[in-house]
Amino acid sequence: MTLASLSHILSALAMTGFLAMLLWMLTHPAMRRAARGAAPVPLTAVVAGVALWCAALYGFGPGSVEALAVQPIRDLTMLYWCSGTFWSKRAPMPAPLRLIQKMLATICIVMLLLAIMPLLGVRIGDDTWLYFALTITAMIVAAGGLLIVDSAVRRANSGATARLAVVAGGLAMLWGYELNAQLIGALTGQAASTLIALLPGVALLVLPTFIVATLNVGRDRMRLSRPAAMRTIVLIGGAAYLILIGLAGAVARFVGGDYAYLAQATFLILALGTGGLFLLSARARAWSSVMITKHFFEHRYDYRAEWMRFTATLGTGDSGEEGDASLHRRVAKALAELTGSPGALLMLPDTLGGFAIADHWRWPVKPVEEAALSLRSAFMLQETRHIVDLDAERRAPSTDASSLSIPEWLLSDPRAWVVVPVLHFNRMIAIVVLHRPAVSRSLDWEDLDVLRIAGQQAASYLAEAQSQRALSEARRFDEFNRRFAFIMHDIKNLASQLSLLARNAERHADNPAFRADMVGTLKLSAGRLSDLLVRLSPRQRGPSAQAGRVAVEPLLHELADEIRPRRTLFVSCQTGVAAWADGASVRQIVHHLVSNAIDASDADTPVQAIAAVDQGRVRIDIIDQGCGMSRAFIRDELFKPFVSTKEAGFGLGAFEALQLAQAMGGTIEVASEPGRGSCFTLWLPQPDARGGTDTDLLDERMASR
C-alpha cells in the first residue's frame with residue numbers, strides 16, 4: 001500500500017509538472033522561439049505526449065493496460081522529436097535508421113489502433129493478450145528508440161548544444177528504464193512490480209531536462225572541467241570495482257563452496273596492491289594520467305588551466321632570488337610543468353654568439369658549465385624554429401649539412417628529452433632543454449603547438465627583462481653624460497678664469513699683491529678641478545650635499561674676492577641673513593649668475609649682489625646693466641639645456657642653477673628688458689621657517705643630485 005501511494009503521488013506530480021510546462025510553452029511563444037535549437041514544435045509535441053501518458057499513469061496506475069495503450073502516443077512524439085531535431089532535409093537521416101524509425105512508428109500506430117478497438121466495440125481476445133502485446137511493443141520501441149538516440153547524439157556530438165544533449169539524455173533514461181523493467185519481467189516470468197510502480201518517478205526526473213530546453217538554459221555545450229572529469233572517471237572505476245566484486249560474489253555463491261571467500265580475498269589483495277602502487281609510485285600515477293588523457297579526452301591539455309598556471313608561474317617571482325635569476329628559473333619551470341617534465345635547463349647567448357647554460361630548475365645533477373650550443377646549431381634552430389625531439393635525433397642521427405648539429409653532450413645525456421627554442425620576433429633569445437618525464441612518450445602535434453606558443457610567451461618576458469636591463473644601463477650612461485655636461489660647463493668657466501689670470505700676469509707679474517692673489521686663485525681653481533673630477537667618477541663620490549645653515553654675507557664677500565680679477569662685485573647684505581641650503585650649491589648658483597652678469601655687461605658698468613629677507617624667505621639679487629633679455633627668451637629658452645647666446649657656451653649654466661635651486665626648496669626669478677639690464681633673484685628658505693619634514697625632504701633632494 002505504501003508503494004502504491006508513493007506511485008500515485010509521483011504520478012500526480014509528474015502529470016502536474018508536464019501539464020504546467022505544456023501550458024507555459026503554448027502561452028509563451030517567445031519561450032518556444034528561444035528554444036529553437038531544441039526544435040520547439042517537436043519539443044512541444046513531446047511534452048504533450050508525456051503529459052498525456054502521465055495522466056494515464058495517474059488515472060489507471062503504472063503497468064495498467066490503459067497506461068500501456070497511451071504509451072504509443074508518447075513514443076510517437078519522442079521519435080518525432082529525434083528526427084526533427086537531429087536531421088533535416090539538407091542532412092537527412094540515413095536509410096537504415098529511417099527504416100527503423102518507420103517500423104517503430106508503424107508498430108506504435110498498430111498498437112494504438114488495437115488499444116482503441118475495444119472502445120469502439122470491437123474485441124480481439126481478452127485483456128491478457130492485449131497486455132502482452134503492448135508489453136512486447138514497449139520493449140521493441142524502447143530498444144529502437146535508444147538506438148536512434150545514440151546515433152543522433154553521436155552524429156551531432158561536436159555541434160550539439162547543451163539543450164539537445166539534456167533532452168536526448170532524458171528520453172534515453174526513460175526508454176532505458178522501461179526496457180530494463182520489461183526485460184526483467186520477461187526473463188523472470190514475473191512483472192517487476194516495484195520498478196513499474198516507480199515509473200512515474202523516472203518521468204518526474206525527466207521533467208528538468210525539458211525545463212532546461214524550454215528556458216534556454218545553457219547556450220553552450222556543457223563540459224566537465226579536467227579535474228572534475230578525472231574525479232568522475234575515478235568514481236566510475238570505483239563503482240565498477242564494487243559491481244565486479246558483487247558479481248563475482250554472486251557467481252561464487254551460485255557455484256557453491258568457499259569460492260566466495262576466495263573471490264573476496266583476491267579482489268581485496270588486488271585492490272590493496274593497486275592502491276599502494278599508485279600511492280607510492282610516481283611513475284604509475286604518471287602512466288595512468290597519460291593513459292586517461294590519451295583515451296578519454298579530446299585534447300591532451302586543459303588549455304585554460306595550463307595557461308593560467310603558466311602565466312602565474314612566469315609572473316610570480318621568488319622573494320629570495322634576484323630578478324634575472326628568478327625569471328630564468330621561472331621560464332624553465334613554466335615550460336617544464338606544461339609537459340610534466342620534472343626539470344629543465346635554460347641556455348642564454350654568450351659573448352661568442354653560441355648558447356651556454358645560465359640556469360636550471362630541478363635538474364637532478366648540476367649541469368656541466370662547459371656544456372654549450374655552438375653558433376651553427378643556434379643559427380639552425382633560429383632559422384628552422386624546430387622543436388627538437390632528442391629521442392628522434394638519437395634514433396636517426398642526421399649527417400646532412402642542413403642538420404641541427406645537436407651537441408654530443410646533449411645527445412649522450414638520457415635525461416634530456418626536448419629542446420625548445422624561445423623566439424622573440426624571429427630572434428632566438430633563449431633555449432630550454434626539458435627533462436624526460438616519468439613516463440616517456442613521443443611528441444605529437446599538440447605538444448609542439450603548446451610548446452611553440454608557450455615559448456613565444458616566455459620570450460616576451462625575457463625580452464622585457466633584457467629591455468629593462470638595457471634601459472638601466474642607458475640611464476647610467478645618461479647620468480654620466482649629464483654629470484659630464486655640467487662639469488664641462490664648470491671647466492669652461494675655470495678655463496676662462498685661468499685665461500684671464502694668465503693675461504693679467506703678463507702685465508702685473510711684478511706686483512707682489514697680484515702674485516699673492518694669483519696663488520690663491522690657482523689654489524682655489526685646482527681645488528675646484530679636483531672636486532669636478534670626483535663628481536665625474538661613478539665609483540668615487542665626494543661628500544654628499546646636505547642642507548644646513550648658510551651665512552649669506554660671508555659667501556658673497558668670498559665670491560667677490562674670487563672674481564675681483566675680472567670685475568668688481570658690489571655686495572650689499574642685510575645683517576645676519578642666513579639660508580637653509582647647501583653652501584656649495586648656493587655658491588655655484590651665485591657664481592654662475594654673477595659670471596653671466598659680467599659677460600652681459602660692459603667693462604665699466606657695475607654688477608651688484610644684494611641679499612635680504614623678504615616675505616619669510618631669503619632673496620639674493622644679482623643685478624647688471626647689460627644688454628638684457630626679451631620675455632619670450634626668458635619664457636622659452638633661458639632655462640632649457642643646450643640653449644645659449646654665447647658663441648662658445650654650452651647652454652647648461654642657467655639650467656643647472658635652476659635645478660640646484662629647486663633641489664634646495666627654492667627657485668630663480670628673472671626680471672629683464674632688452675637694453676636695460678637684468679635682475680636674477682635666487683629665493684631660498686630660511687632656517688627659522690623650516691620644519692622637520694621639510695628638512696628631510698630637502699636633504700633627500702640634495703642627496704639625489
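**Close-up views of a predicted model**

**View 1. Strands β2 and β3 meet in an antiparallel pair.** In β3, Ala372 is the bridge partner of Ala356. The model shown here and in the views below is predicted. Strand β3 covers residues 372-373. Two bridges link β3 to β2.

**View 2. Strands β1 and β2 form a hairpin.** Strand β1 spans residues 344-349, and strand β2 spans residues 355-361. The two run antiparallel and are joined by six bridges. Ala344 stands opposite Trp361, a residue of β2. Five residues lie between the strands of this hairpin.

**View 3. Phe425 and Asn426 sit in the loop between β5 and β6.** Strand β5 covers residues 416-424, and strand β6 covers 427-435. Most residues other than glycine have a negative phi. Phe425 is not a glycine, yet its phi is positive, about 50°. Asn426 is not a glycine either, and its phi is positive at about 65°. Is Phe425 buried or exposed? Phe425 has a relative accessibility of 74%, so it counts as exposed. The cut-off for exposed is over 50%.

**View 4. Five strands make an open sheet with mixed pairing.** The strand order is β8-β10-β11-β13-β12. Which strands stand at the edges? They are β8 (569-573) and β12 (667-672). Each has a single partner strand, so one side of each is left without a neighbour in the sheet. From one strand to the next, the twist averages 15°.

**View 5. Strand β8 pairs with strand β10 in the parallel sense.** Strand β10 runs through residues 607-614. Five bridges hold the pairing of β8 and β10. Cys573 stands opposite Ala611, which belongs to β10.

Terms used:
Residues numbered from 1 in each chain as written. Predicted model: local features only at pLDDT ≥ 70, side-chain atom pairs only at ≥ 80, totals over all residues. Heavy atoms only, no water. Helix = DSSP H or I, 4+ residues; strand = E, 2+ residues; numbered from the N terminus. Buried < 20%, exposed > 50% of the residue type's maximum accessible area, 1.4 Å probe, protein only. Pairing = 2+ DSSP bridges. Axes fitted to C-alpha atoms, helices over the stretch in contact; angles between N-to-C directions.
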